[in-house]
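Please open the model in a viewer and keep a selection panel at hand. The stops below proceed from the whole chain to single residues.

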Amino acid sequence: MEIILYIAAIIVMIWSIAVQGRLNRLVKKYSQEEASSGKTANDCVREMLAVNDVYGVTMDHVGGELTDNFNPKENKIYLSDSVDGGTSITAIAIAAHECGHACQASDAWLPFKIRQAIAPFAGIASKISVWVAIAGVFLMYLASRSSSMSYELGYWVCTLGIAIYSMVFLFYLVTLPIERNASRRGLAAMKQCGWVSEAQLKSAKKVLWAAGDTYAVALASSAVTLLRLLLLRGRGRRR
Ligand SMILES: [Zn+2]
């Protein structure tokens, strides 16, 4: 089991590098190609919101590249340096994707609501869970050397760490379909509103799917970590 998990971790790492490389390549390539309509990403956002009967969503600028996001609390779409005012296939595809998230929020789409509910905990969970689990294993180790210490305590502390980490896994599990859905909504609008040509739509799909693959990698990586923690607890138990 241990060796399988090591191999899985290495595969996920190589996969992650490949996905990131492909995403960077595609983003760059289609940043250089103007969309056939000549519209800006901002125009497309306004049009997509109107077509979907979504109101009250505003736009703002965020520094950096690929930092675009939709903030449901502020009901605001943030567009990054090259997307804000951009007219390339990449700019329009990314803006349409973020707009897809705004539509999910407006529809009160259940997976989106679930992610909103667990997002604050997932952030904290990812920081503390592994340390809690390791502390549990350490307590189990101490108990194996001293008869005065309770083995059960370590076991339960470790289980607590694993339970907290499950929140991280759950977060990525729900994030992947949300990201794919936002891309699907964006691509549907791109087609419906005719912002890009038929061939350009295929290019846009490549960019958005590559971006979504990064969430698939994150999900796989969290699954491997979860299994490693379970294995760690099992090893503590054998001592
Ligand atoms: Zn997204």
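**The whole chain**

Begin with everything displayed: of the contacts with a separation of 6 or more, 74% are between residues 24 or more positions apart. Two residues are in contact here if their C-beta atoms, placed from the backbone, lie within 7 Å. This is a predicted model, in which local features need pLDDT of at least 70 and side-chain atom pairs count only at pLDDT 80 or more, whereas totals for chains, interfaces and linings use all residues. Residues are numbered from 1 along each chain as its sequence is written.

Along the principal axes, the C-alpha atoms fill a box of roughly 75 × 35 × 25 Å. Of the 239 residues, 34% are buried. A residue is buried if 20 or more other C-beta atoms lie within 10 Å of its own, exposed if 12 or fewer, and partly exposed in between, with C-beta atoms placed from the backbone.

Colour by secondary structure next. The protein has six helices and three strands, in the sequence pattern α-α-β-β-β-α-α-α-α. Helices (H or I, at least four residues) and strands (E, at least two) are DSSP runs, numbered from the N terminus.

**The sheet**

Select residues 58-61, which are strand E1, residues 69-71, which are E2, and residues 76-79, which are E3. In what order do the three strands form the open sheet? The order is E1-E3-E2, with mixed pairing. Two strands pair if DSSP finds at least two bridges between them. E1 and E2 are the edge strands, each pairing on one side only. On average, neighbouring strands of this sheet are turned by 30 degrees against each other, direction ignored.

E1 and E3 run parallel and are joined by four bridges; show threonine 58 and, opposite it in E3, lysine 76. E2 and E3 are antiparallel, with three bridges.

**Where H2 crosses H5**

Select helix H2 (residues 41-51) and helix H5 (residues 151-193), whose axes come within 11 Å and cross at roughly 95 degrees. Axes are lines fitted to C-alpha atoms, for helices over the stretch in contact, and angles run from 0 to 180 degrees between N-to-C directions. H2 and H5 are therefore roughly perpendicular to each other, a term for angles of 65 to 115 degrees. Glu47, Met48 and Val51 in H2 meet Ala189, Gln192 and Cys193 in H5.

**The nonpolar cores**

Continue to the largest nonpolar core, which has 34 residues; Ile92, Ala95, Ala96 and Cys99 have the most contacts inside it. A nonpolar core is a set of buried Ala, Val, Leu, Ile, Met, Phe, Trp, Tyr and Cys residues joined through C-beta atoms within 7 Å. Helix H1 (2-31), H2, E3, helix H3 (89-106), H5 and helix H6 (198-238) each supply at least two of its residues. H3 gives the largest share, ten residues.

Centre on alanine 96: beyond its neighbours within four places in sequence, it is in contact with Cys44, Met48, Gly186, Ala189 and Met190. Another core lies apart from this one, with 15 residues, among them Ala125, Val137, Leu139 and Phe169.

Valine 45 lies in helix H2. It is buried because 23 other C-beta atoms lie within 10 Å. Not counting residues up to four places away in sequence, valine 45 touches Met59, Ile77, Ala95 and Cys99.

Most residues other than glycine have a negative phi, and most peptide bonds are trans. Select leucine 66, in the loop between E1 and E2, where phi is positive, near 55 degrees. Leucine 66 counts as partly exposed because it has 16 C-beta neighbours inside 10 Å.

The last stop is alanine 108, in the loop between H3 and helix H4 (110-145); phi of alanine 108 is also positive, near 50 degrees. Is alanine 108 buried or exposed? With 8 C-beta neighbours inside 10 Å, alanine 108 counts as exposed.

Note on methods. Angles under 35 degrees count as roughly parallel, over 145 as roughly antiparallel, 65 to 115 as roughly perpendicular and the rest as oblique.
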